[in-house]
Amino acid sequence: MPRTRRRWSSRCRRDCSSPGRWRESSTATSLVVEDLSLGAPLARVADASVEDGVAALDAATAAAADWARTPARERGEVLRRAFEMVTARIEEFALLITLEMGKPHAESRAEVTYGAEFLRWFSEEAPRIAGRYGVSPVGGTRLVTTKRP
């Protein structure tokens, strides 16, 4: 196995994320991710079930209240750190996309950059979450919109 594929194979997790830990998928199986350019295995990843997906959504829902109580500036800083972590690894992510999807490297790099920019945008907007106050369409009353994370 060439060095690049071996590197990704050893770094990809074969289990599912669960709140605060990694666990085996409920199917206890994995899927092969193929290097499209060679038709050879690139890595194996967890074959998660619908139940695994529901468990992940339940965990996110349970964490939402704590996240909402986190000050807006802190939420922005978390997102900014995520942006910085992604941009520090642009070449790695671009290589993985190229190997897995068969895209040209420049296109893969642009895709990672594009996705990372969403993290940067929302990191800068997090402290400025504002509502809206205006006249209702029929007049005579006011509409107030409050945004919450």
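Q: In this predicted model, what makes Tyr114 count as exposed?
A: The relative accessibility of Tyr114 is 57%. Exposed means over 50%, so Tyr114 counts as exposed.

Q: Why is Phe118 called partly exposed?
A: Phe118 has a relative accessibility of 41%. Buried requires under 20% and exposed requires over 50%.

Q: Why is the pair of Tyr114 and Phe118 called edge-to-face?
A: The angle between the two planes is 85°. Planes over 60 degrees apart count as edge-to-face, so the pair of Tyr114 and Phe118 takes that label.

Q: What makes the separation of Tyr114 and Phe118 about one helical turn?
A: Both residues belong to helix α5 (residues 105–125), where Tyr114 and Phe118 are four residues apart; therefore about one helical turn separates them.

Q: Which residues line the largest pocket, and how much space lies in it?
A: The space in the largest pocket is about 160 Å³. Its lining consists of Trp67, Arg75, Leu79, Trp121, Phe122, Glu125, Ala126, Ile129 and Pro149. The largest share, three residues, comes from α5.

Q: What pattern does the protein chain follow along the sequence?
A: The pattern is α-β-β-β-β-α-α-α-α-β-β. The protein chain has five helices and six strands.

Q: How does the radius of gyration of the protein chain stand against that of a compact globule of 149 residues?
A: The protein chain has a radius of gyration of 21 Å, whereas a compact globule of 149 residues would have one near 15 Å. Along the principal axes, the C-alpha atoms fill a box of roughly 70 × 35 × 30 Å. Of the 149 residues, 20% count as buried.

Q: Why is Glu92 called partly exposed?
A: Glu92, in helix α4 (residues 90–101), has a relative accessible area of 22%. Buried means under 20%, so Glu92 does not count as buried and is partly exposed. Between Glu92 and Val78 there are 21 Å in space, C-alpha to C-alpha, and the two are 14 residues apart in sequence.

Q: What makes Pro19 count as exposed?
A: Pro19 lies in the loop between β1 (16–18) and β2 (21–23). Its relative accessibility is 59%; exposed means over 50%, so Pro19 counts as exposed. Pro19 is 30 Å from Arg109, C-alpha to C-alpha, with a sequence separation of 90 residues.

Q: Why does Ala28 count as partly exposed?
A: The relative accessible area of Ala28 is 47%. Exposed means over 50% and buried under 20%, so Ala28 is partly exposed. Ala28 lies in the loop between β2 and β3 (30–35), and its phi is near 55°, a positive value in a residue other than glycine.

How values were computed
Residues are numbered from 1 along each chain as its sequence is written. This is a predicted model: local features need pLDDT of at least 70, side-chain atom pairs count only at pLDDT 80 or more; totals for chains, interfaces and linings use all residues. Side-chain values use heavy atoms; hydrogens and water are left out. Rings of Phe, Tyr and Trp (its six-membered ring) pair if their centres lie within 6.5 Å; planes under 30 degrees apart count as stacked, over 60 as edge-to-face and the rest as tilted. Helices (H or I, at least four residues) and strands (E, at least two) are DSSP runs, numbered from the N terminus. Buried means under 20% relative accessible area, exposed over 50%, partly exposed in between (1.4 Å probe, protein chains only). On a 1 Å grid over the protein atoms alone, a cavity is a set of points where a 1.4 Å probe fits but cannot get out, and a pocket is an open set with protein on both sides within 12 Å along at least five of seven lines; lining residues have an atom within 4 Å of a point. Grid points are joined across faces, edges and corners, and a volume is the space filled by probe spheres set on the points. The radius of gyration is taken over C-alpha atoms; the globule rule is 2.2 Å times the number of residues to the power 0.38.
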